[in-house]
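The following exercises concern the packing and the surface of a protein.

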Amino acid sequence: MKLPESSYSSARVLVIGAGKMGKLVIKHLAAKGCKRMVVVNRTEEKVNAISQELKDIDIVYKPLSEMMACAAEADVIFTSTASESPLFSKEDVQKLPSVAPFLRRRLFIDISVPRNVEPCVSDLETAVVYNVDDLQEVVAANKEDRLQKAAEAQVIILEELNKFVAWKDSLETVPTIKKLRAYVERIRASEFEKCLSKLGDNISKKQKQAIYDLSMGIVSKLLHGPMQHLRCDGNDNRALDEVLENMRSLNRMFDLETEISLLEEKIRVKMERAQK
């Protein structure tokens, strides 16, 4: 955010400390596009372990004794050590050479507690220090952004949940749909055979297929309306009541003998759940 180009392509990055927080900083930098960085640490072992994990990143290890020399060649410096005393004083930073012209001031991002960089370093025209307190503003902004995205996600989840509940509720009408289809299919098949019997043996295979297709088409169109009225929206109480009434009507009209009481109980439970 503080780099003029919002990119690590030109800035020279130094990370001091390869402990838990230092490792997180290095991983974050890598994720944000930083391809090369110098890491100063007391021992080389931790830095090598991080290098093995991030093989696409050029991580150069330097011992703590070379910290000031490394700082002199860095534009952006992250500090994350457990040092009880500051690593950079105002006098130390004042002696460092100028940073790259595009940056104007050397950036210190101090995430250590206690602080590794004296706050008065920011009094210099050649440097600026950001510490944990400054990062809280970024955290708050990120939190607000996440809350907004979470609210958007909840809307999407609710929409999809309603669709799923409606689909699941419609499965409760499957027994009625199956019995109705079976009932209509028995009539269709019976009438189809009667028709073929009346026409005799002179009917061709093509004509027989045409009559079969005609019977299937009529059945499909007749069932379309009842099938549509056996589907419901799980959050619409009126629609649920209509589905129950439609199921009762179909069972009475066609004597389907479906367990209406069981289906009604299941759908009533879903109605109560939706109201909660």
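**Exercise 1.** Leaving aside neighbours within four places in sequence, which residues is Met 37 in contact with?

*Solution.* The model under study is a predicted one. Once the neighbours within four places in sequence are set aside, Met 37 is in contact with Val 13, Val 15, Ile 26, Leu 29, Ala 30, Ile 57, Asp 58, Ile 59 and Val 60.

**Exercise 2.** Identify the residues that touch the most other members of the largest nonpolar core, and the elements that build this core.

*Solution.* Step 1: the core has 26 residues, and Val 15, Met 37 and Ile 59 touch the most other members. Step 2: two or more residues each are given by strands S1 (13-16), S2 (36-41), S3 (58-63), S4 (76-79) and S5 (106-110), and by helices H1 (20-31) and H2 (45-53). Step 3: H1 supplies the largest share, four residues. Step 4: a separate second core holds 19 residues, among them Ile 16, Cys 70, Ile 77 and Phe 88. In soluble globular proteins, nonpolar side chains tend to be buried together.

**Exercise 3.** Classify Ser 215 as buried or exposed, and describe its surroundings.

*Solution.* Step 1: Ser 215 is part of helix H7 (residues 205-228). Step 2: its relative accessible area is 13%, so Ser 215 is buried, the cut-off being under 20%. Step 3: not counting residues up to four places away in sequence, Ser 215 touches Arg 188 and Phe 192. Step 4: with Arg 188 there is a side-chain to side-chain polar contact of Ser 215, at 2.9 Å.

**Exercise 4.** Determine which nonpolar surface patch includes Phe 164.

*Solution.* Step 1: Phe 164 belongs to helix H5 (residues 132-171). Step 2: Phe 164 counts as partly exposed because its relative accessibility is 43%. Step 3: together with Leu 158, Leu 161 and Trp 167, Phe 164 makes a nonpolar surface patch of about 430 Å².

Methods. Residues numbered from 1 in each chain as written. Predicted model: local features only at pLDDT ≥ 70, side-chain atom pairs only at ≥ 80, totals over all residues. Heavy atoms only, no water. Patch = residues over 30% accessible without salt bridge, like charges linked within 9 Å, V, L, I, M, F, W, Y side chains within 5 Å. Areas by Shrake-Rupley, 256 points an atom, 1.4 Å probe, with all protein chains shown as cover. Salt bridge = Lys/Arg side-chain N within 4 Å of Asp/Glu carboxyl O. Buried < 20%, exposed > 50% of the residue type's maximum accessible area, 1.4 Å probe, protein only. Core = buried A, V, L, I, M, F, W, Y, C linked by side-chain atoms within 4.5 Å. Contact = heavy atoms within 4.5 Å. Polar contact = N/O pair within 3.5 Å; in protein donor to acceptor, adjacent residues only side chain to side chain.
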